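Here are some friendly notes to read alongside the model. Keep the 3D view open and find each part as you come to it.

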2 protein chains.
Amino acid sequence: MTEASNPHDDAKKTAALEELLSIRGSIDNIDAAVIHMLAERFKCTKRVGVLKAENDIPPSDIDREQRQIERLRKLAVDAELDAEFAEKFLNFIIREVIQNHLALRS
Amino acid sequence: MTEASNPHDDAKKTAALEELLSIRGSIDNIDAAVIHMLAERFKCTKRVGVLKAENDIPPSDIDREQRQIERLRKLAVDAELDAEFAEKFLNFIIREVIQNHLALRS
């Protein structure tokens with residue numbers, strides 16, 4: 001046994017690695033679910049982009065975005081998710097959507 | 001009737017606005033689902049952060065991240081979501097997770 005090795009620490013680390021693997025399985029399941037939800041969301045926003053482009057509706061709608069941000073911040077708090085992160089997340093998605101809408105018009 | 005108004009165009013725009021409202025309802029439902037999935041994901045990564053900090057496991061794991069990116073890119077293609085976006089999305093989430101893990105140690 002080397003100086004750095006300690007049976008108690010080794011067992012603790014093995015248990016930690018096993019738990020880590022199990023949690024990673026859950027994370028992978030959640031990620032697959034989120035990717036499929038986002039695929040559906042982009043189908044929706046693609047149709048919104050077509051409707052806006054065909055009817056001269058501006059690609060960006062600041063009032064709608066503000067309402068979405070407020071709503072998601074509240075949902076995040078209820079779900080014990082950081083509200084700042086929820087806002088950052090929505091802004092990340094909206095940036096992508098607006099780029100796609102602009103690309104539809106170019 | 002003003003010069004700019006045309007009954008056909010008005011009806012078309014009204015129908016477009018109605019469809020837009022309906023799609024926005026779906027987008028809001030999807031966003032609520034995603035926020036709740038992400039809340040669960042951050043519960044998982046919070047536990048991962050504690051396990052790593054308590055067992056001297058490095059906060060970042062490049063091999064794991066690479067496998068996650070490859071897997072999500074494949075899932076995205078199957079779901080007709082842009083694979084580049086799926087990768088950007090995962091990197092966005094991982095950046096937040098690593099910041100949280102580092103904060104746990106500081």
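Helices (H or I, at least four residues) and strands (E, at least two) are DSSP runs, numbered from the N terminus. This is a predicted model, in which local features need pLDDT of at least 70 and side-chain atom pairs count only at pLDDT 80 or more, while totals for chains, interfaces and linings use all residues. Residues are numbered from 1 along each chain as its sequence is written, and chains are lettered from A, with ligands numbered from 1, in the order in which they are written.

1. Start with chain A. It has 3 helices and 0 strands, in the order α-α-α from the N terminus.

2. Now look at its outline. The C-alpha trace of chain A spans about 75 × 25 × 20 Å along its principal axes. Its radius of gyration (taken over C-alpha atoms) is 22 Å, whereas a compact globule of 106 residues would have one near 13 Å; the globule rule is 2.2 Å times the number of residues to the power 0.38.

3. How many residues of chain B are in contact with chain A? There are 39, and they touch 39 residues of chain A; contact means that C-beta atoms, placed from the backbone, lie within 7 Å. On chain B's side, H1(B) gives the most, with 27 residues.

4. Next, the inside. A residue is buried if 20 or more other C-beta atoms lie within 10 Å of its own, exposed if 12 or fewer, and partly exposed in between, with C-beta atoms placed from the backbone. Of the 106 residues of chain A, 21% count as buried.

5. A nonpolar core is a set of buried Ala, Val, Leu, Ile, Met, Phe, Trp, Tyr and Cys residues joined through C-beta atoms within 7 Å. The largest one has 28 residues, and Ile35(A), Leu38(A), Ile35(B) and Leu38(B) have the most contacts inside it. H1, H2 and H3 of both chains each supply at least two residues of this core. Leaving aside neighbours within four places in sequence, Ile35(B) is in contact with residues including Leu72(A), Leu75(A) and Ala86(A).

6. Which of its residues are buried? They are Gln68(B), Leu72(B), Leu75(B) and Ala76(B). These cover an arc of only 100 degrees around the axis, so they sit on the same side of H2(B); the arc is that of the directions from the helix axis to the C-beta atoms. Among the exposed residues on the other side of H2(B) are Asp63(B) and Glu70(B). The cover over the buried residues includes H1 of chain A together with H3 of chain B.

Notes
Two residues are in contact if their C-beta atoms, placed from the backbone, lie within 7 Å.
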